Amino acid sequence: MHLALLIIAALGDGPRLFELSAERTVHDGAARRAYAEGNAELLTEGAALHAERITWDEASRSATAIGNVALRLTGSELLAVVADVLTVRFEGDEVREVFLNDGKVLSKKGISAAALRALTSPDALVAAGETTMLLKGNHLLREGTRWRLEQLELVPCECNFQDPSWSIRASGATIDPVDQRASMWSPVVRVHGVPVLWLPWISLPLSNRQTGLLVPRPGFTALNGFSFEQPVFLTLGRSADLTFTPGYFGGALPPPALPDGGTPAPSPYGILGPRLAVELRYAPSEEANGRATLGLL
């Protein structure tokens, strides 16, 4: 059976209610701390924190959770945070700052705030709804509707988040779950864990239909040599969109020398120089849709 401990702090315009419950709870009035162990849960209006053990510090308005940590943020965005150890600091009844140890943040859709809030298992949080973004980092700071992060790794697509084929690492970033956009400084694009491209800065959309730059596509083949393409996505209302993809190709690798030392003729195939690919997609009704592509060399 759970025992409940209610902590009320006068913050902002009026009192805010924090409810801490667990199988065992202890309140140290002198130290202004509360300790909860065994299915511990801390609840406030916009957040719910579940773990094996939670320590609440009333002076700093922070909670430290240990073991199977599951944090659900259900304010202006739906975020699920899972970790082994987590410290969260509140401003009023809103989560202001999160420190993670071996944790990850998942942006969710396709699930209601109430349903997400009811989940207490990290595995259930990962599987719930649809994940639109996976983020690994050690420090999140809320600034308005944005989160500022340091030393992070981001997978900004709806794909296989258990084993993503690519990701972006950056020294710093701001993530706006409301506007669905990420701005990253010194990002490094990694494919299967291998760094392939560095950029000084990039701004990426985090939704499927949002005008902006998409992830750059560096590549290498024997036919076309080294290549780099930068897709640009443009929405044209609810039923059409365009993708412009300018790029540059280095051309086929030079063939090996002939046995007699002569120079073989260069390959007549492959691409050397700039290229522009344009794709138009349209769906004027549920029964009709189409796609038109144009490539310029």
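## Exercises on a predicted model

P274 lies in strand 23, which spans residues 272-285. The model used in these exercises is predicted.

**Exercise 1.** Decide whether P274 is buried, partly exposed or exposed, and find what P274 touches.

Solution. 
- Step 1: Take the relative accessibility of P274, which is 56%.
- Step 2: Compare this value with the cut-off: exposed means over 50%. P274 therefore counts as exposed.
- Step 3: List the contacts, not counting residues up to four places away in sequence. They are G247, Y248, L296 and L297.
- Step 4: P274 and G247 are 27 residues apart along the chain, and their C-alpha atoms are separated by 5.7 Å.

**Exercise 2.** Describe the phi angle, location and exposure of N68 and of D102.

Solution. 
- Step 1: Recall the background. Most residues other than glycine have a negative phi.
- Step 2: Read the angles. Phi is near 50° for N68 and near 55° for D102. The value is positive for N68 and positive for D102, and neither residue is glycine.
- Step 3: Locate the residues. N68 is in strand 6, residues 62-73, whereas D102 is in the loop between strand 8 (94-101) and strand 9 (104-109).
- Step 4: Classify them. N68, with a relative accessible area of 46%, is partly exposed; D102, at 60%, is exposed.

**Exercise 3.** Describe the largest nonpolar core and the contacts of I54.

Solution. 
- Step 1: In soluble globular proteins, nonpolar side chains tend to be buried together.
- Step 2: Give the size of the largest nonpolar core, which is 46 residues; L42, L49, I54, L86, V98 and M184 have the most contacts inside it.
- Step 3: Find the main contributor. Strand 7 (residues 79-91) gives the most to this core, with 6 residues.
- Step 4: Look at I54. Beyond neighbours within four places in sequence, its contacts include L20, Y35, L42, L49 and A63.
- Step 5: Note the second, separate core. This core has 13 residues, among them L78, V82, I111 and L134.

Methods. Residues are numbered from 1 along each chain as its sequence is written. This is a predicted model: local features need pLDDT of at least 70, side-chain atom pairs count only at pLDDT 80 or more; totals for chains, interfaces and linings use all residues. Side-chain values use heavy atoms; hydrogens and water are left out. A nonpolar core is a set of buried Ala, Val, Leu, Ile, Met, Phe, Trp, Tyr and Cys residues joined through side-chain atoms within 4.5 Å. Buried means under 20% relative accessible area, exposed over 50%, partly exposed in between (1.4 Å probe, protein chains only). Helices (H or I, at least four residues) and strands (E, at least two) are DSSP runs, numbered from the N terminus. Contact means heavy atoms within 4.5 Å.
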